Amino acid sequence: LSLAGVSGFEGSVTAGSDGTVGGTREGAVRFFLDGMVHTFVALAKLFETDSPILTAGGSTDFDLVAEIFTPVRATIATARLVVRSGCYAIHDDGLYRDTTPAATRSGPHFIAAAHVWARVLAVPEPGRAVLDAGKRDLAYDSALPQVIQIYRADATGHGSHLSPVAVGDATITALNDQHGYLSFGPVENSALRVGDIVKLGISHPCMVFDKWRSVLLLDPSSDPSAGGTVRGALSTFF
């Protein structure tokens with residue numbers, strides 16, 4: 001082994017972990033990243049490579065990483081500064097929607113690129129439905145999935161066209177291994193039916209890519225009410 005650099009993960013830093021009382025999380029993250037920079041510079045003469053690496057990895061504070069790491073090159077000109085944030089490439093409808101720089105400070109606005117589609121298997125009682133997606137299919141470590149939209153196949157029954165179904169307060173309340181439990185309010189025209197399709201937004205995309213070996217690639221310009229146009233399949237490597 002050779003000493004090649006300093007690596008850290010600022011994503012798990014919490015408010016006050018810089019030793020202050022009542023301090024902000026941003027302040028604690030800055031304290032953590034400053035510590036990484038200090039360690040990196042202090043080790044400069046011990047690195048066993050001409051291009052030592054300084055790298056941090058969260059998808060919530062990548063702007064702070066870039067801001068605090070960039071001046072290092074004034075001291076170590078050959079430093080490789082690597083930002084390992086990966087969730088920005090997929091984004092989500094939960095954790096990162098609420099914590100990315102655009103939501104908390106300023107920065108690029110991202111749109112969730114991955115969703116899980118489930119089908120209603122049963123409506124055992126008014127206001128409750130059982131879906132065919134559970135913990136094997138969905139991320140649940142940071143938050144339960146969110147209902148983005150519910151669709152119903154057209155009258156032909158062939159599913160060639162999907163019409164939006166208006167549901168009040170549609171919420172995933174629990175997941176078990178292979179099923180999700182959906183609670184909902186009044187539905188326009190008729191009750192939620194077996195066969196209705198639910199588009200689910202995820203929170204924390206890493207967990208989804210841990211569960212799916214391949215995902216379908218939809219044409220973003222296609223009409224989602226028609227199910228979207230599948231352009232291919234992408235293999236995942238988590």
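User: Where does W117 lie?

Analyst: W117 lies in strand β4, residues 115–125. Strands here are DSSP runs of E, at least two residues, and helices are runs of H or I, at least four, numbered from the N terminus. This is a predicted model, in which local features need pLDDT of at least 70, side-chain atom pairs count only at pLDDT 80 or more, and totals for chains, interfaces and linings use all residues. Residues are numbered from 1 along each chain as its sequence is written, and side-chain values use heavy atoms, with hydrogens and water left out.

User: Is W117 buried, exposed or partly exposed, and why?

Analyst: W117 counts as partly exposed because its relative accessibility is 34%. Buried means under 20% relative accessible area, exposed over 50%, and partly exposed in between (1.4 Å probe, protein chains only).

User: Which residues make a nonpolar surface patch with W117?

Analyst: L216, L218 and V230 make the patch with W117, and its area is about 370 Å². Patches take residues with over 30% relative accessible area and no salt bridge; nonpolar side chains (Val, Leu, Ile, Met, Phe, Trp, Tyr) are joined within 5 Å, like charges within 9 Å. Accessible areas come from the Shrake-Rupley method with a 1.4 Å probe, and for residues only the protein chains shown count as cover.

User: Rings next. How many aromatic pairs?

Analyst: The count comes to four aromatic pairs. Rings of Phe, Tyr and Trp (its six-membered ring) pair if their centres lie within 6.5 Å; planes under 30 degrees apart count as stacked, over 60 as edge-to-face, and the rest as tilted. One of the pairs is Y88 with F110, which is tilted, at 6.2 Å centre to centre and 45° between the planes.

User: Where are Y88 and F110 in the chain?

Analyst: Y88 is in the loop between β3 (80–83) and α3 (95–99), and F110 is in the loop between α4 (101–104) and β4. The pair links distant parts of the chain, 22 residues apart. Y88 is partly exposed, with a relative accessible area of 43%.

User: And why is the pair of W117 and Y151 stacked?

Analyst: The ring centres of W117 and Y151 are 5.7 Å apart and the planes are at 20°, so the pair is stacked. Y151 lies in strand β6 (residues 146–153) and W117 in β4, so the pair ties together parts that are 34 residues apart in sequence. Y151 is buried, at 6% relative accessible area.

User: Which rings form a cluster?

Analyst: F62, Y88 and F110, linked by ring pairs.

User: What sits over the ring of Y140?

Analyst: The charged end of K135, 5.2 Å from the ring centre. The rule asks for NZ of Lys or CZ of Arg within 6 Å of the ring centre and within 35 degrees of the ring normal.

User: OK, salt bridges. How many?

Analyst: Ten salt bridges are counted, each being a side-chain nitrogen of Lys or Arg within 4 Å of a carboxyl oxygen of Asp or Glu. Among them is D61 with R105, whose closest N and O atoms are 3.6 Å apart. D61 is in the loop between β2 (53–56) and α2 (62–69), and R105 is in the loop between α4 and β4, 44 residues apart.

User: D61 and R105: buried or partly exposed?

Analyst: D61 is buried, at 1% relative accessibility, while R105 is partly exposed at 28%. Both D61 and R105 belong to a network of salt bridges with R25 and D63.

User: What about R136: which residue does R136 bridge to?

Analyst: R136 forms a salt bridge with D177, the closest N and O atoms being 2.8 Å apart. R136 lies in the loop between β5 (128–131) and β6, and D177 in the loop between β8 (171–175) and β9 (180–183), so the pair ties together parts that are 41 residues apart in sequence.

User: Switching to L64. What is L64 in contact with?

Analyst: Leaving aside neighbours within four places in sequence, L64 is in contact (heavy atoms within 4.5 Å) with E26, V29, R30, L33 and R105. L64 is found in helix α2 and is buried, at 2% relative accessible area.

User: Last one. What is the phi of H91?

Analyst: Positive, about 60°, although H91 is not a glycine. H91 is in the loop between β3 and α3 and is buried at 5%. H204 also has a positive phi, of about 80°, and is not a glycine.
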